[in-house]
Amino acid sequence: MIEVDKVMYSFVVGEGLNGVTEVAHEKLLEIISRIRIEARYVSEVASVLHDIEEEEKENAVSIHYEKLVVAFGMARLCRGNMIRIVKNLRICRDCNAVMKLISDIYEWEIVVRDCNWFYSF
């Protein structure tokens, strides 16, 4: 969940595309492209335990909802605002790495609250 202009937005796994998620997907593609170029980001797929091909593992971690929420926040919030995210599961290593890179490259302050920890980037 993320709050933007006093409205709470929830992103749910398996949710179809709508106006909100479409904006988030477009912005996330732009973000991932930039961090791949500027920071040489490579997806961390070691934590994906499913027996699937490497490319499918990269696709699986690339659309984690915390990434979409950050992308949506960046698209909708004014620069200089803090992005605050609340999620019900643990954040994976790939999402942690992406949050660090986004914070460094785009100079956004990001706070993520998962079921056990607060992360501040």
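This is a predicted model: local features need pLDDT of at least 70, side-chain atom pairs count only at pLDDT 80 or more; totals for chains, interfaces and linings use all residues.

Reader: What's the phi of K6 like, positive or negative?

Author: Positive, about 65°, although K6 is not a glycine. As a general point, most residues other than glycine have a negative phi.

Reader: OK, and where does K6 lie?

Author: In the loop between β1 (2-4) and β2 (7-9).

Reader: Is K6 buried or exposed there?

Author: Exposed: its relative accessibility is 78%, and the cut-off for that label is over 50%.

Reader: What about R40, what's its phi?

Author: Near 55°, so to speak another positive value in a residue that isn't glycine. R40 sits in the loop between α1 (19-38) and α2 (54-62). With a relative accessible area of 71%, R40 counts as exposed.

Reader: Switching to α4: how far apart are its end C-alpha atoms?

Author: They are 20 Å apart.

Reader: Is α4 mostly covered or mostly open?

Author: Mostly covered, with 10 of its 14 residues buried.

Reader: Which residues of α4 are buried?

Author: Among them are C95, V98, M99, L101, I102 and I105. D94, N96, S103 and Y106 are buried too.

Reader: And what follows α4?

Author: E107, whose phi is positive, near 60°.

Technical notes. Residues are numbered from 1 along each chain as its sequence is written. Side-chain values use heavy atoms; hydrogens and water are left out. Helices (H or I, at least four residues) and strands (E, at least two) are DSSP runs, numbered from the N terminus. Buried means under 20% relative accessible area, exposed over 50%, partly exposed in between (1.4 Å probe, protein chains only). The expected span of a helix is 1.5 Å times one less than its number of residues.
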